[in-house]
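Student: I'm new to this one, and I'd like to go through it step by step. Please show it to me before we start.

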Amino acid sequence: MGNITQTIQAVPLNHYILFCAIIFAIGVTGVLIRRNAIVIFMSVELMLNAVNLLLAAFSVYKGDASGQVFVFFVMALAAAEVAVGLAIIVMIYRNTNSTDINVLNRLKW
Amino acid sequence: MNNYLWLIPILPLAGFLINGLGRNVLSKGVIGTIGSLVILASFCLSVSAFAQINSTGQPINVTYFTWIKVGVFNIPFAFLVDQLSAIMLLIITGVGFLIHLYSTGYMSHDKGFGKYFAYLNLFVFFMLLLVLGSNFVVMFIGWEGVGLCSYLLIGFWFTSGDYADAAKKAFVMNRIGDLGFLIAIFLLIHFFNSASYADIFPKVRGLQGPHVALGITLISMLLFVGATGKSAQIPLFTWLPDAMAGPTPVSALIHAATMVTAGIYMIARANVIFSMSPVTMHVIAIVGLATALLAALIALTQTDIKKVLAYSTVSQLGYMFLGLGVGAYTGAFFHVITHAFFKALLFLGAGSVIHAMSNEQDIRKMGGLRTKLPITFATMLMGTIAISGIPPFSGFFSKDEILAHTFESSHTMYVLGVIGAMLTSFYMFRMLFLTFSGSFRGTHEQEHHLHESPWSITVPLIVLAILSVVGGFINVPHIMGGNHWLQNWLEPVFKLSEPLLAHTETEPSTEWLLMGISVGAAFIALFYAYVKYIKNKHVPVADTEERPLLANLSYHKFYIDELYDFLIRKPLDALSVFFYKVVDKMGIDGLVNGLGNGTVESSKGLRLLQAGNVGFYIFMMVIGIIAILFYRLKF
């Protein structure tokens with residue numbers, strides 16, 4: 001445990017923040033510009049993981065374990081969400097033969 | 001005796017309930033008997049109450065239950081019979097009984113016989129409550145109740161639109177006055193923390209200071225406003241002539257003998273408050289005199305027999321107020337008593353004429369009824385002499401007392417008062433001559449039908465005629481060898497205000513002179529009416545013909561109704577239209593409908609944003625999150 005801490009602390013916290021921000025931004029961009037629902041999903045995962053990494057980093061630097069507990073929560077929720085989301089996407093694909101979100105304009109009134 | 005006092009008002013109430021509930025079941029004979037007998041029983045009890053006061057000299061004060069109680073403030077339901085209310089009780093039940101008796105004959109052909117007697121009993125109940133109450137609040141119940149019964153009875157033949165309108169007019173005008181009365185009661189309660197006469201009046205005398213004078217003036221003026229409504233004074237007098245739409249006995253009982261004198265009773269009752277405010281006294285005297293003259297001028301040219309009497313009533317009530325205004329409380333109340341006798345008599349006589357003439361009320365179509373209706377003629381002649389102020393009939397004594405006191409306070413007012421008395425004498429004899437002398441001017445059918453009325457109508461006439469003749473002797477002035485019985489009797493009631501009123505002693509010679517002037521004036525007017533209507537056989541022109549300017553003004557009641565219409569109703573109508581069209585339709589409706597329309601319209605626009613495009617939604621979400629972050633973190 002001590003080693004891991006030291007390893008993580010070898011990199012300054014600023015770097016983590018910058019890195020996570022970049023990954024998060026990539027995720028946001030992916031969500032916004034991609035049209036394939038599955039890729040959008042992957043981008044969402046990217047955002048979640050950026051946050052997870054940041055939580056873990058802060059947790060280590062602060063010496064407080066609760067950040068890591070949050071990471072587990074996020075992971076569990078993401079898994080559940082992916083299961084439901086993928087199921088929806090599969091159903092949409094079966095009905096429309098497409099996962100292009102620009103085709104999916106049925107969320108109207 | 002104290003234990004039976006409550007029966008006086010309760011008996012008529014019982015009569016109202018029995019007749020009202022059984023109006024379709026009981027026969028006319030039973031209804032008439034019950035209706036009349038309850039009043040007769042009340043009259044007997046009133047006589048015994050009067051006798052008790054006469055022997056002990058002490059007012060009877062009975063508290064039945066606590067009616068309104070808030071903290072230390074307390075309004076009991078209590079009756080007070082003193083010298084003032086004892087006389088009122090006798091008038092209400094006595095004249096009331098005669099009019100009930102008369103009604104059994106007069107209304108015998110009417111479909112609403114039961115309803116009529118129920119209302120009439122209810123009226124007597126409320127009127128008794130009005131005079132019996134020992135505080136202003138109980139008086140106010142009766143005050144409102146008689147207004148209600150007046151409304152019900154004026155509109156008795158409600159199927160005619162005009163009659164229903166007359167009823168509404170009376171009701172609304174009375175309400176205007178009642179508002180003043182009600183505010184005055186609130187102010188009295190505010191200042192004295194009680195509504196009882198016994199609490200308020202002694203305290204009023206002790207009050208001092210300019211602040212108090214203002215408050216007392218305000219209260220007395222508001223009370224007077226109430227009195228103008230009920231007693232038909234300027235500006236609230238136009239309802240009384242219209243009230244003639246009701247059955248004639250109602251006109252006699254309510255609109256001549258009892259209800260319309262409630263204003264005078266109330267002022268006489270609260271005489272201390274009024275005596276404390278010279279301003280109000282002046283206003284009362286001026287309003288009374290102006291009403292007396294205006295109504296007398298209108299009465300000069302009226303052709304409806306009941307309208308003449310109605311304006312005469314307004315005019316005589318004006319005299320009573322003049323008397324109150326100059327501090328002649330006894331004189332004013334004396335006139336209430338004598339007026340109750342002769343005006344009830346005149347109305348009932350007019351009813352007898354109308355009855356004989358098959359509902360004809362226009363004196364232009366009458367004439368020569370003297371031989372056909374001898375009893376009616378004889379009794380009405382006595383009533384006419386009495387009201388004209390010719391001695392020794394009752395009206396002379398009461399009117400003379402008022403005029404004598406007016407002379408003490410203002411010579412101008414006295415002259416105007418005498419002119420009014422002259423007008424009274426003229427229009428009354430004009431009506432009498434046109435109705436009973438000369439030749440018949442109606443249709444053949446009517447002439448054939450003419451007959452003297454049945455005993456139930458003539459007996460009350462005869463009794464009232466006797467009272468009209470001898471009624472004045474209850475207060476014969478000293479110079480004529482009298483003992484001022486009424487003044488001595490009422491002295492305890494007016495004791496508190498006595499020191500407040502300035503009295504100048506009139507020389508006996510002056511007093512004789514004043515009497516001579518008023519009697520002379522009455523005789524001049526009588527003679528003029530005789531020359532015009534008997535010797536020259538003048539008959540008022542038909543409605544279609546031109547009249548001289550002044551006669552035209554008088555005939556059209558000086559266009560007072562039209563004036564009110566123009567000054568009050570038209571602006572109110574315009575204001576209502578404004579409120580309806582602008583404030584309600586445009587303002588309030590516009591606001592409410594505008595909100596609804598705005599929501600619908602804006603959502604039509606916003607709906608277009610919902611393209612259903614997932615990518616766009618997500619984009620908006622991100623923009624939203626960024627915006628929130630910027631806002632919260634204040635980058």
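Tutor: One term first: helices (H or I, at least four residues) and strands (E, at least two) are DSSP runs, numbered from the N terminus. This is a predicted model, where local features need pLDDT of at least 70 and side-chain atom pairs count only at pLDDT 80 or more, while totals for chains, interfaces and linings use all residues. Residues are numbered from 1 along each chain as its sequence is written, chains are lettered from A and ligands numbered from 1 in the order in which they are written, and side-chain values use heavy atoms, with hydrogens and water left out.

Student: How many helices and strands does chain B have?
Tutor: The C-alpha trace of chain B spans about 115 × 65 × 55 Å along its principal axes. Its secondary structure comes to 25 helices and two strands.

Student: What share of chain B is buried?
Tutor: Buried means under 20% relative accessible area, exposed over 50%, and partly exposed in between (1.4 Å probe, protein chains only). Of the 635 residues of chain B, the buried share is 55%.

Student: Which residues touch the most other members of the largest nonpolar core?
Tutor: A nonpolar core is a set of buried Ala, Val, Leu, Ile, Met, Phe, Trp, Tyr and Cys residues joined through side-chain atoms within 4.5 Å. The largest one here has 190 residues, and the members touching the most others are Phe136(B) and Ile273(B).

Student: And which helix gives that core its largest share?
Tutor: The largest share is 18 residues, from residues 329-356 of chain B, that is, helix α15.

Student: What does Ile273(B) contact beyond its neighbours within four places in sequence?
Tutor: Contact means heavy atoms within 4.5 Å. Setting those neighbours aside, Ile273(B) is in contact with Leu188(B), Ile200(B), Phe201(B), Val204(B), Ile216(B), Ile219(B), Ser220(B) and Leu223(B).

Student: Are α5(B) and α8(B) roughly parallel or roughly antiparallel?
Tutor: Helix α5 (residues 136-154) and helix α8 (residues 210-230) of chain B pack at an angle of about 25 degrees, with their axes 12 Å apart. Trp143(B), Val146(B) and Gly147(B) of α5(B) meet Gly226(B), Ala227(B) and Lys230(B) of α8(B). Axes are lines fitted to C-alpha atoms, for helices over the stretch in contact, and angles run from 0 to 180 degrees between N-to-C directions. Angles under 35 degrees count as roughly parallel, over 145 as roughly antiparallel, 65 to 115 as roughly perpendicular and the rest as oblique, so α5(B) and α8(B) are roughly parallel.

Student: Is Asn359(B) buried or exposed?
Tutor: Asn359(B) lies in the loop between α15 and α16 of chain B. It has a positive phi of about 65 degrees although it is not a glycine. With a relative accessible area of 64%, Asn359(B) is exposed.

Student: Then what does Ser358(B) count as?
Tutor: Ser358(B) also has a positive phi, about 55 degrees, without being a glycine. Its relative accessibility is 39%, so Ser358(B) counts as partly exposed.
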